Amino acid sequence: MIEVNNLTKIFYTPSQKIVALDDVSLYVEKGEIFGIIGLSGAGKSTLIRCINMLEKPTKGSVVIDGIEITALEPQELRSARQKIGMIFQHFNLLSSRNVFDNVIFPLEIAGVPRKNASKRVEELLDLVGLTDRANSYPSQLSGGQKQRVGIARALANSPKLLLSDEATSALDPQTTRSILDLLKDINRRFNLTILLITHDMNVIKETCDRVAVIDDSRIVEVGRVIDIFSNPQTATSRSFISNVINREIPDQLLQRPADQTSDIIKRVIRVSFIGESAGKPLISSMIKKFDVDANILYGNIDRIKDTPFGYLTLELTGTPDQVAEGLDYLNEHGLEVEGIEDV
Ligand SMILES: Nc1ncnc2c1ncn2[C@@H]1O[C@H](COP(=O)(O)OP(=O)(O)OP(=O)(O)O)[C@@H](O)[C@H]1O
């Protein structure tokens, strides 16, 4: 659905050359909710702005639904953009227009006859739950309601792609969840592809199928959200995940002295449970089967989008053979096992 090929964007200011995007390539499938996460200044906004050509890339191309958007003439670009909806952190509503007139605005620009446009607005207001606020002005709405208007407006021309630029960053956690639920509902109902940028790993965890991690103008990791949570490959990803899930083990637990006089060893491991494996009693089977003791140091169960996901940090105690066999057993049954340290 979206193909970003070797995209580079350089800004020249009187005193500086700023490489905002450095050879970025991405592929987003139709119907996916794809997230881009990065710290402030990493290049997220520039990337999303290059995707809808609000910003012209210095190098590289963007293809959306088979059309190379970076090669279009201004007139063609205007009509291609009508099939790309966008929502913003600060909603960008027209304060002098009421809710109905904000939502009808892109239909007016597209030249849709008033009667058809009005019918479409009514459908959209029903979709976002704001039918009873059609005559309200933006100043009379809460942040969550304003973003619902933004979403209705972005969907007016039945886009193939919805771009979301930090759409929940100005909202409280509960309102954020309701807006993310609305986006997931729209994605499911209309198979609408959504590309969202955020600095908040919770947004990625609750909403996205796949994620790209952007750091210092480059994509450093890309993959299924569940894989990145269970087995992050870069320090940037680990740091984002630690904002959502505590993966650290207190030093006191790692530094307990081993008993030098016996052949019994202790190993601390972190086990990730994903999907079906989260429901299986694999740890207790391992304890019984291999006579290994397992002491739970830390545990957490959560959901990533719609999939159950959990971490368990265990201290295993047994002979080296028992512990090794126990670990093999967990691996063979599909658990992601990460050794932390021998103690
Ligand atoms: N129009 C511009 N002119 C000059 N430099 C710019 C321009 N737009 C962005 N930049 C620079 O490009 C880099 C990437 O900025 P960008 O806004 O894409 O980051 P971001 O990840 O979206 O950050 P934030 O989350 O703070 O919005 C930054 O160093 C920024 O200062």
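This is a predicted model: local features need pLDDT of at least 70, side-chain atom pairs count only at pLDDT 80 or more; totals for chains, interfaces and linings use all residues.
Helices (H or I, at least four residues) and strands (E, at least two) are DSSP runs, numbered from the N terminus.

Figure 1. Residues are numbered from 1 along each chain, following its sequence as written. Along the principal axes, the C-alpha atoms fill a box of roughly 85 × 50 × 35 Å. A residue is buried if 20 or more other C-beta atoms lie within 10 Å of its own, exposed if 12 or fewer, and partly exposed in between, with C-beta atoms placed from the backbone. Of the 343 residues in the protein, 34% are buried. Two residues are in contact if their C-beta atoms, placed from the backbone, lie within 7 Å. Among contacts between residues at least 6 apart in sequence, 69% join residues at least 24 apart.

**Figure 2. An open sheet of six strands.** The strand order is β6-β7-β8-β3-β9-β10, and the pairing is mixed; two strands pair if DSSP finds at least two bridges between them. At the edges stand β6 (84-88) and β10 (218-224), each with a single partner strand, so one side of each has no neighbour in the sheet. From one strand to the next, the twist averages 15 degrees. The strands β6 and β7 run parallel and are joined by five bridges. In this pair, G85 stands opposite L162 in β7. Helix α1 packs on the sheet and touches β3 (33-38), β7, β8 (193-198) and β9 (210-215). The direction of α1 makes about 150 degrees with that of β8; axes are lines fitted to C-alpha atoms, for helices over the stretch in contact, and angles run from 0 to 180 degrees between N-to-C directions.

**Figure 3. The shell around the ligand.** Among the 13 residues around the ligand, F11, A20, S40, S45 and T46 come nearest; a residue is near a molecule or strand if its C-beta atom, placed from the backbone, lies within 6 Å of it. Both β2 (17-28) and α1 supply at least two residues of this shell. Helix α1 gives the most, with three residues. By type, the shell has four nonpolar, eight polar and one charged residue. Here Ala, Val, Leu, Ile, Met, Phe, Trp, Tyr, Cys and Pro count as nonpolar, Asp, Glu, Lys and Arg as charged, and the others, Gly among them, as polar.

**Figure 4. The contact between domain 1 and domain 2.** Domain 1 covers 2-243 and domain 2 covers 251-339; these bounds come from an automatic or database domain assignment. Taken over C-alpha atoms, the centres of the two domains are 40 Å apart. The contact takes 10 residues from domain 1 and seven residues from domain 2. On the side of domain 1 that touches domain 2, α7 (201-207) and α8 (225-230) are the elements that give two or more residues. Helix α8 gives the most to that side, with four residues. The residues on this side of domain 1 divide into four nonpolar, three polar and three charged.

**Figure 5. Two residues with positive phi, M53 and S158.** M53 is not a glycine, yet its phi is positive, at about 60 degrees. M53 lies in the loop between α1 (44-51) and β4 (59-64). M53 counts as partly exposed because it has 18 C-beta neighbours inside 10 Å. S158, also not a glycine, has a positive phi of about 45 degrees. The loop that holds S158 runs between α5 (143-155) and β7 (161-165). S158 counts as exposed because it has 12 C-beta neighbours inside 10 Å.
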